[in-house]
Amino acid sequence: MSADESIEAAPAETFAIGISFGNSNSSIAYTSGEGKAEVIANEEGDRQIPSFLSYIEGEEYHGAQAKSQLVRNSKNTVAYFRDYIGKDFDSIDPTPCHASAHAQKHESTIAFSVQDTNSDSPSTLSVSEIATRHIRRLASSASDFLGKKVNAAVLTIPTNFSDEQKEALSESAKNAGIEILQFISEPVAAVLAYDARAEAIISDKIVVVADLGGIRSDVAVVASRGGMYSILSTAHDYETAGTQLDQVLIDHFAKEFIKKHKTDPRQNERSLAKLKLEAEATKKALSLGSSASLSVESLADGVDFSSTINRTRYELLGGKVFSGFIRLIEEAVRKADLDVLDINEVILSGGTSHTPLIARRLTSLFPQTTNILSPSTLASALNPSELPSRGAAIQASLISAYDPSDIAQNTHPALTATPHLSRAIGVLVISDSESRGVFKPLLEAETAVPARRAGLFAVPGGGGDVLVKVCEGQREIKVSKPEPKSKSKPQVNGKAGSEDDGDEDDDEDEEEEEEEEIRETIWKVGTVLAEAAIRATKKGAKVEVTVNVGADLGVTITAREVGGKGGVRGQLLEKGGGGRENGSA
Amino acid sequence: MAAVQVQLPLPVLPEGWSAEKDFKAIGTLSPATQRNIEPVGPHFLAHARRKRHRRTFSEDDRIQAQENVKKVEDDDAGEISEPEDQMMLQRDAKDWKVFYKIFAKLSPRPNLILRLFFPTVLLLTNHSQGQDHYAVLGLSRHRYRATESQIKTAHRKKVLRHHPDKRAATGSSEDDSFFKCIQKATEVLLDPIKRRQFDSVDENADVEPPSKKEAQKKGWFKCWGPVFESEGRFSKDQPVPRLGGNESTKEDVERFYNFWYNFDSWRSFEYQDEDVPDDNENRDQKRHIEKKNNNARKKKKTEDTARLRSLVDECLAGDERIKKFKQQERAGKNKRRGEKEEAEKKLKEDKIKAQAEAERLKKEAEEAAKAEKAEGKKAKEAAKNAAKKNKRVLKSSVKDVNYLLPEGEAAAGPKRVDEVLNDVDLVMTKIDNEELASLAGKLGGAKGVDAVASVWAEETKRLVGAGKLKDGEVRTLI
């Protein structure tokens, strides 16, 4: 029997992939038998497939081929249309389409006027039609690669996609023969891509996902608590993104060209398009090497142009854009009512994240304990461009066995809307230095309930009776100036030898100038929730304390000596605050 | 998840701690925040399974739950939308600095001329510097307070409305001059350095200091408060102390003026540079322009510092609180001085009084002593006189009865007289004044020789009985 028949014979069986559908680039991924996500290359070998469609004499071009048409056939090339899906003309920014087919108002939606057939008159293609064609091409690339018909997908979308947009996108995909199993947001897909690696340890952490794309940048602060993710804040920027960096290079090279040949290549559309494509390639090269060249044949007035630029120059020129990225990330952190000290991990996602300077700037913005996951800071980092599609593929493999109704129920707000702890819950322990107790958090703030965490605590020297004091804690930022060099020190030195005095003073001055505030997080002990006693512990024993917060915000605390018999178990009194959430249950 | 390992030890159970089953519930949880968890990942699926098997839900639940979720996505429909002036829309991006240049040549204060003669121009242009970037983006209410995200949203909104493609779609001309204005405004406002330069000269954010009349009419604090609030935006130290009100303490007011007299401003005047050096000009020319600009900036900066100082001077001069504090201080001083004087005076008076009292007492005592002395003298005299008189009575009593000779006898001879009188004298020496008086009384009452003689005999007997006289010593009187 032929392969075709087998495909048709089993239409009910869903075979799902993960699709990341971006404004500039799309990528597709699947999960291999071992549960590892792999990104699929299309026929041309691109793993990052430009979201472009171009038409010449009825022939459809897709991906990189379509992108190269921007020079000669820009009128019939459609680009940067993802954000237009499901929107009306009044609410979109048509600027990105200037170099390609222009967005137009068409009935209640947006359309592009493109000559996609052999006929002379151009036809009007609505944006959903374009999306359908794009998804169809993506799906066929995946099917060709996998040798199996792909009929379902998990699609990533930005966090600010509206329900109408989701619906329109779902409709477009359906027309392309792809059933959208679930939409997942891009930042969460990126977190999932990292967390699904075999070596990953699931821990409680706050992750900043900076998705720096071609024409927009999105930052999300995600609380990851035991593998469950809650978005705490988001920030979007449509003015600071990859194209602005391209523009920096375009301007640089254009100026150079003007110096030599007295014509501005930016005045001519075709010259500009050529320069733009090359500048983008140069930008990518600069992410890898310390210098890159740009050469365009017949850039303007039939003059060839070739030049090189080194990375330092580029970083200097693009300084303003880079600062924009950093500010955006800071804004997102601020919006989440957090401090940079609270961030455990930064995931750089999206094509622009390859730029080493961004990672470098972030390492100086965040404390040293924060992991910056980007190729230039971490050898084992995943490719930033592939993160969303990988995450989508993992989610696809997880839910492809479910019924569509099951999936719908899983994404139901009644299931996803969950109370999150507003304060951390932990146990007071004794520290060596301070006489007061030190708070050791077990359950961090922003943990979705129900949740359970356990901790093993040491007992004081000789064992005996110990007190387990469970309380709420609040993180505070302690800002302190470093202690100014004590005045006694120079005096001591002065006694040792007077000729050293001059040097000593100089050093001090320098230090004073460099003096920076030391910021650290400390725990402030809040309400005491409960106390429990463990009697007669052995020397060197461990006490296990488990705090369990139920879905109704009821708290159960268990404490026992490891290896001992019995233990203490108690429940907190219910209160009004918790009753509100489960009142409807 | 694996249990957390904590090396620090748990505290020792305090003495006397006890509870039922060794567990004491004390507090309750802080209220939780409702958030959406992302329906993604294996752990969520496990969570969903647990949760779903336990409860069923209705559409009502759905709405309820969705409403409670804390919003992380911004609402796009902010209040950042102001009516757009028709004139503003017709502006050209090119003339954003033109007006200033024209008027700068006419007057050192181009803004004044504009304000006097071309109020409409001022309306849509930002005073001296052409385009008002905040007005273009519809942020004229926020100005320097606008956050970066507000500017971004405002820009986005304006772009969505004024994009040349949109205009083309509605059929009007493909004129993108206002769009360029928008882009220019965003370029300036989103660049922290350029924005600071623009904010430095953004006179629309200035609040003019009130005249005395105005201040009187509207209330001094109401008028001056906003002036300093707007000036405070240039301060390197934030937050800036506020003017406060009538009830502010002296420390607050002093802190306020100290702050303003030591004001550290970031204000700079690059934005008002007349010429901007061009890449194409030669180096000398560039240096010349830069020098000129630097000088102009420095001059303006000095002027600004002086302006601010005079502003604070003016405010200080009109500040009723300062007068009040001075008065209070003076009153306090006077009061203290008065009290001191009072005390001194009192002390003095007390002293005088005490002295007078002492003198008076002394005098009284002296007088009393004197009176007593006089009295004593008198009494003594009287007693003497009485004794004399009584003695006379005694002597005369015997003389009257013819020296105790029985009646009818001839007058007593001198011998008898001597004997009787000697005896009388002897008796008189033996008795004291009182006995003398009583004896005189008795003798005065006695008539006749017998009576007198018996009185005497009686007296003599008494004296003999008392042992004062010897028996037989006074024979004549018995």
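Here are my entries, in the order I looked things up.

**Entry: model type.** I'm working from a predicted model, so local features need pLDDT of at least 70.

**Entry: the interface.** I started with how chain A and chain B meet. Together they bury about 8,500 Å², and carbon and sulfur atoms carry 59% of that area.

**Entry: salt bridges.** Searching the whole structure over all chains gave me 50 salt bridges.

Next I checked a pair within chain A: Glu60(A) and Arg137(A) form a salt bridge at 3.0 Å, N to O. What does this pair tie together? Glu60(A) belongs to strand 6 (residues 59-62) and Arg137(A) to helix 3 (residues 127-146), so the bridge links parts of chain A that are 77 residues apart in sequence.

**Entry: charge patch.** On chain B I found a negative surface patch made of Glu339(B), Glu341(B), Glu342(B), Glu344(B), Glu349(B) and Asp350(B). I placed Glu341(B) in helix 16 of chain B, residues 320-400.

Entry: Val449(A) and Pro450(A) are joined by a cis peptide bond, with omega about 0°. I traced Pro450(A) to the loop between strand 22 (437-443) and strand 23 (451-458) of chain A. I flagged Ser298(A) too: its phi is positive, about 50°, though it isn't a glycine. Ser298(A) turned up in strand 16 of chain A, residues 291-300.

Notes:
Residues numbered from 1 in each chain as written. Chains lettered and ligands numbered in written order. Predicted model: local features only at pLDDT ≥ 70, side-chain atom pairs only at ≥ 80, totals over all residues. Heavy atoms only, no water. Patch = residues over 30% accessible without salt bridge, like charges linked within 9 Å, V, L, I, M, F, W, Y side chains within 5 Å. Areas by Shrake-Rupley, 256 points an atom, 1.4 Å probe, with all protein chains shown as cover. Salt bridge = Lys/Arg side-chain N within 4 Å of Asp/Glu carboxyl O. Lys, Arg positive; Asp, Glu negative; His and termini not counted. Charge placed at Lys NZ, Arg CZ, Asp CG, Glu CD. Helix = DSSP H or I, 4+ residues; strand = E, 2+ residues; numbered from the N terminus. Buried area = accessible area lost by both parts, 1.4 Å probe.
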